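Let's take a walk through the aromatic residues and nonpolar cores of this model.

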Amino acid sequence: MTDTPRPPSAGRERGPGPSDGPAGATRRTVMAALGGATLGAAALGLTAGHATATTDGNSAAQPRPAADCVLTPEQTEGPYYLDLETVRKNVTEGKPGVPLTLRVKVIDTTTCSALPGTAVDVWHCDALGVYSGYVAGGSTPDTTFLRGVQLTDSTGVAEFTTVYPGWYVGRALHIHVKTHVGGTVTDGRYHGGHVSHTGQLYFPETYNSRIATLAPYRSNTATRTLNARDGIYRNGGSSTLLTLTQIGSDLGKGVIGTVVLGIDPDAVP
């Protein structure tokens, strides 16, 4: 552990400035297209403001009825973004951890319909709190683990194969996310278009506590920050709290995480 680089203190990520706060929410009736089969029962009826978590650790909570189409709040990009735009589903690159199938559904809040062909860009730290591409705060682009882009399918869903993230000083467990609209894929990379949303995804504490007892997470000596004590989470993070479904009786076998992002595809945050 002593030779494992860690991100610097999360001071640069600790509190969103005036431009990082939640965007004003708009509400419209959800159309039937919101409950695409690709997400499965765990996400049916969820809106971006109503992602809820399981409490028994073994199955997803009963989804709330679809009521509103809500613009998901913007959150800070943070200091560890790399403009790699590599299109790939499996981003693990052999990193150890509890398998996570991440399913992000993107909807257009101006029409409440799914947004196919939207690029979903994710990045997060490994089990020990380390981001690829950075060592002691400096950029080292020779590593690219736990970063990737997927285009949403005809139902608006982008799916990634990754691992449950770890944590570092000052931040709750999270995954960074951007959506890009209007670009194209060439030679395995996404080009052009514009960013229409920047945010973060979070995990229910009932799972975080159990994950922390498993290898390799239990080797992470950084103090774990709870969602409720994370200033960025408190600024709209509850709207992107993942709904988790455990795969089988053994948590170590993995979980499925689902969330709905409501965006304005014409917006340039």
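Thr225 has a relative accessibility of 14% and therefore counts as buried (buried means under 20% relative accessible area, exposed over 50% and partly exposed in between, with a 1.4 Å probe and protein chains only). Its place is the loop between H1 and strand E12 (243-246); helices (H or I, at least four residues) and strands (E, at least two) are DSSP runs numbered from the N terminus. Leaving aside residues up to four places away in sequence, Thr225 touches Gly170, Arg171, Ala172, Glu205 and Asp230, where contact means heavy atoms within 4.5 Å.

A word on the model itself. It is predicted, with residues numbered from 1 along each chain as its sequence is written. Local features need pLDDT of at least 70 and side-chain atom pairs count only at pLDDT 80 or more, while totals for chains, interfaces and linings use all residues; side-chain values use heavy atoms, with hydrogens and water left out.

**Aromatic pairs**

How many aromatic pairs does a search of the whole structure find? There are 7, where rings of Phe, Tyr and Trp (its six-membered ring) pair if their centres lie within 6.5 Å, with planes under 30 degrees apart counted as stacked, over 60 as edge-to-face and the rest as tilted. Two of these pairs are set out here.

| Pair | Ring centres | Ring planes |
|---|---|---|
| Tyr80 and Tyr168 | 6.2 Å apart | 90°, edge-to-face |
| Tyr131 and Tyr168 | 5.7 Å apart | 70°, edge-to-face |

Tyr80 lies in the loop between strand E2 (69-70) and strand E3 (99-108), and Tyr168 in the loop between strand E9 (157-163) and strand E10 (174-186), so their pair ties together parts that are 88 residues apart in sequence. Tyr131 sits in the loop between strand E5 (119-123) and strand E6 (134-135), and its pair with Tyr168 links parts of the chain 37 residues apart. Tyr80 counts as buried at 2% relative accessibility, and Tyr168 does at 3%. Tyr131 is buried too.

Together, Tyr80, Tyr131, Tyr134 and Tyr168 form one aromatic cluster. Tyr134 is found in strand E6 and, at 15% relative accessibility, counts as buried. A polar atom of the Tyr134 side chain lies 3.2 Å from the backbone oxygen of Tyr81.

Tyr81 also has a charge over its ring: the charged end of Lys178 sits 4.9 Å from the ring centre. Likewise, the charged end of Arg210 sits over the ring of Tyr207, 5.6 Å from its centre. The criterion is NZ of Lys or CZ of Arg within 6 Å of the ring centre and within 35 degrees of the ring normal.

**Nonpolar cores**

In soluble globular proteins, nonpolar side chains tend to be buried together. Here the largest nonpolar core has 34 residues, and those with the most contacts inside it are Leu102, Val104, Val120, Tyr164, Leu201, Phe203 and Tyr217. Such a core is a set of buried Ala, Val, Leu, Ile, Met, Phe, Trp, Tyr and Cys residues joined through side-chain atoms within 4.5 Å. E3, E5, E9, E10, helix H1 (205-211) and strand E13 (255-263) each supply at least two residues of this core. A second, separate core of 8 residues includes Tyr80, Trp123, Cys125 and Tyr134.

Cys125 counts as buried at 1% relative accessibility, and Cys69 at 0%. The structure holds 0 disulfides, a disulfide being a pair of cysteine sulfur atoms within 2.5 Å.

Key
Polar contact = N/O pair within 3.5 Å; in protein donor to acceptor, adjacent residues only side chain to side chain.
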